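This briefing walks through selected parts of a protein model. Have the sequence and the 3D view open while reading.

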Amino acid sequence: MNGEALLAARGLRLSFGSVLALDGVDVDLWPGEVLAIVGESGSGKTTLLNVLSGHAAPDVGVVWYRDPSGRLHDVHGMPAPELRRLHRSDWGFVHQDPRRNLRMGVSAGGNIGERLMAQGARHYGNIRSAALEWLERTEIDAARIDDLPRTFSGGMQQRLQIARTLVTHPRLVFMDEPTGGLDVSVQARLLDLIRSLVSGLGIAVVLVTHDLSVARLLAPRIMVMQHGAVVEAGLTDQVLDDPRHPYTQLLVSSVLQA
Amino acid sequence: MSGGYNFAYLDEQTKRMIRRAILKAVAIPGHQVPFGSREMPLPYGWGTGGIQVTASIIGPDDTLKVIDQGADDTTNAVSIRRFFARTAGVAGTTRTEAASIIQTRHRIPETALREGQIIVYQVPQPEPLSRLEPSRVETRRMHALADYGLMHVRLYEDVARLGQVAISYDYPVMVNNRYLMAPTPIPSFDNPKMDMMPALQLFGAGREKRIYAVPPYTSVKSLDFEDHPFRPLRAAHECGLCGAADSYLDEVVTDDRGGRLFVCSDTDYCERRRADGHVGRDGMAEAAQ
């Protein structure tokens with residue numbers, strides 16, 4: 001692992017039976033950087049995200065994470081309690097479906113406060129004010145703090161999921177199609193919100209998406225995947241404006257010009 | 001003592017298995033240990049777990065007290081006491097300090113327990129996270145990783161909606177700063193008695209097949225927030241019969257015109273106070289009749 005990279009993966013290989021989901025993937029992510037992983041369905045994007053975040057183990061390869069004190073951790077070699085601690089403090093995960101992350105039977109405030117309480121926050125007033133602050137930052141009406149997420153619209157649920165994830169100021173957030181399944185105007189607002197929060201807080205993000213415009217808007221750096229392998233990587237503008245690999249050319253040319 | 005049964009009903013190998021589970025439970029305070037719960041001659045929910053724990057620790061020299069909701073004279077308490085009188089021939093008592101083993105449901109006696117005594121709780125649901133997380137695989141993982149943020153989410157929801165924690169019984173506790181534990185449906189009023197108790201506390205859940213324990217002098221803390229500290233609940237009255245202002249009270253409806261009587265739920269405590277000459281407001285009326 002070179003320099004001061006926050007997360008680094010080397011030679012990741014993973015197969016499901018005869019299907020090769022990851023084929024020798026290397027990843028480097030620096031603090032505060034947003035990296036987009038694009039590719040068609042089944043190209044291994046989500047599998048890569050799961051392996052990077054420790055949810056799935058690779059057959060071969062290693063993922064390193066550098067903690068705030070500069071120590072390196074092998075994500076798949078660390079004990080389960082430590083990985084769990086990482087996931088509820090330093091890391092965050094934003095799913096495409098907010099219902100996977102939110103507790104639908106718990107109020108919006110409780111959802112935001114859960115990570116704080118899991119970290120040992122025991123002052124109700126402080127938890128409450130943190131929840132109010134994050135509702136405001138994610139543009140949800142503060143009056144809805146005691147409402148259940150199931151009464152929220154899809155876009156609001158997604159914003160609530162982001163508030164719940166970012167409340168502990170993670171250093172690294174994994175996002176799996178955060179704007180998928182939302183209508184276009186809601187998508188645009190959400191992208192704006194993610195961009196301002198991420199740059200404001202200096203969070204590093206690994207963003208999986210099939211939408212090239214999302215990648216262009218949020219991520220300075222991009223990796224294009226096909227059949228489990230990275231076929232092209234580099235600066236987003238460069239890759240998308242001047243694609244070299246035939247598959248990237250196909251992806252770029254297949255975007256409808258509005 | 002009736003013939004045909006082994007001492008204290010259970011066979012020796014079963015008792016041995018249960019004692020092993022108890023030893024493990026004592027070694028890891030608050031941790032739920034699985035055990036092979038046996039079919040007992042009473043229905044689930046009537047104390048099958050407690051009765052098995054009692055059966056495996058009781059000896060011929062023990063003195064047994066059984067209470068149900070604080071009372072020594074209810075059906076459940078009387079039947080279990082008689083069960084052990086018949087199958088183990090042990091002496092029964094209603095006096096808290098005379099008992100070496102106290103099997104209980106829903107209360108801890110008002111009289112402070114001392115070293116050498118064992119209190120056995122009947123447990124309907126040993127898993128404190130059961131209402132919050134339906135998967136037992138997940139709750140076990142949460143216990144293993146001491147990941148208890150979810151329990152505080154429940155307290156948060158109560159404070160957000162009702163202005164206070166609204167759990168009045170089975171109030172979750174942290175044992176030895178490690179394991180989250182269900183104290184069984186005792187009123188939250190009794191929770192402070194569990195903290196640093198000189199007696200050994202054993203918990204048996206028959207249907208759920210779990211045993212757990214709190215060894216003597218172990219810290220048991222009720223969960224709370226710094227700005228909403230734990231408050232044990234108690235009816236703001238005095239006992240109508242003995243005048244006690246410090247005991248847990250039952251509210252008894254006495255007529256259909258709104259008549260109410262508040263009495264100690266611990267019958268032993270109340271009777272002994274009256275024997276010592278304490279009289280409450282309604283105690284006078286009772287004496288007059």
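**Cysteines in chain B**

At 1% relative accessibility, C242(B) counts as buried. The model is a predicted one, and every value below is computed from it. The points below cover these cysteines, a hairpin, a helix, a sheet, a histidine and a pocket.

- C242(B) is in no disulfide, and its nearest cysteine sulfur belongs to C239(B), 3.6 Å away.
- C264(B) is likewise in no disulfide; the nearest cysteine sulfur is that of C239(B), at 3.6 Å.
- Over all chains, the structure holds zero disulfides.
- C264(B) is buried, with a relative accessible area of 5%.

- Strand β12 of chain B covers residues 260–264. Four of its five residues are buried, and the strand is described as mostly covered.
- Strand β11 of chain B, residues 249–253, runs antiparallel to β12(B), and five bridges join the two.
- Within this pairing, V253(B) stands opposite R260(B) of β12(B).
- Six residues lie between the two strands of the hairpin, and G258(B) has a positive phi near 85° there.

**Helix α7(B)**

- Helix α7 of chain B spans residues 267–275, and its buried residues are T267(B), D268(B), Y269(B), C270(B) and R273(B).
- These buried residues pack against β2 and β12 of chain B.
- The N-terminal end of α7(B) is capped by D266(B), which has a side-chain oxygen 3.2 Å from the backbone nitrogen of D268(B).
- Just after the helix, G277(B) takes a positive phi of about 100°.

- Strand β2 of chain B, residues 63–68, pairs with β3(B) in the parallel sense over two bridges.
- T63(B) has A91(B) in β3(B) as its bridge partner.

**H73 in chain A**

- H73(A) belongs to strand β5 of chain A, which covers residues 72–74.
- Is H73(A) buried or exposed? Its relative accessible area is 11%, under the 20% limit, so H73(A) is buried.
- The side chain of H73(A) makes polar contacts with the side chain of D67(A) at 2.8 Å and with that of E82(A) at 3.5 Å.
- Leaving out residues up to four places away in sequence, H73(A) touches V63(A), W64(A), Y65(A), D67(A), M78(A) and E82(A).

**The largest pocket**

- The largest pocket holds about 1,000 Å³ of space.
- Its lining has 29 residues, and those nearest the centre are H55(A), R84(A), H87(A), N101(A) and E138(B).
- Which helices each supply at least two residues of the lining? They include α2 (80–88), α3 (108–118) and α5 (154–166) of chain A, together with α4 (136–144) and α5 (149–162) of chain B.
- α2(A) gives the most to the lining, with five residues.

Technical notes. Residues numbered from 1 in each chain as written. Chains lettered and ligands numbered in written order. Predicted model: local features only at pLDDT ≥ 70, side-chain atom pairs only at ≥ 80, totals over all residues. Heavy atoms only, no water. Buried < 20%, exposed > 50% of the residue type's maximum accessible area, 1.4 Å probe, protein only. Polar contact = N/O pair within 3.5 Å; in protein donor to acceptor, adjacent residues only side chain to side chain. Contact = heavy atoms within 4.5 Å. Disulfide = S-S within 2.5 Å. Pairing = 2+ DSSP bridges. 1 Å grid on protein atoms, 1.4 Å probe; cavity = no way out; pocket = protein on both sides within 12 Å on 5 of 7 lines; lining within 4 Å. Points joined across faces, edges and corners; volume = space filled by probe spheres on them.
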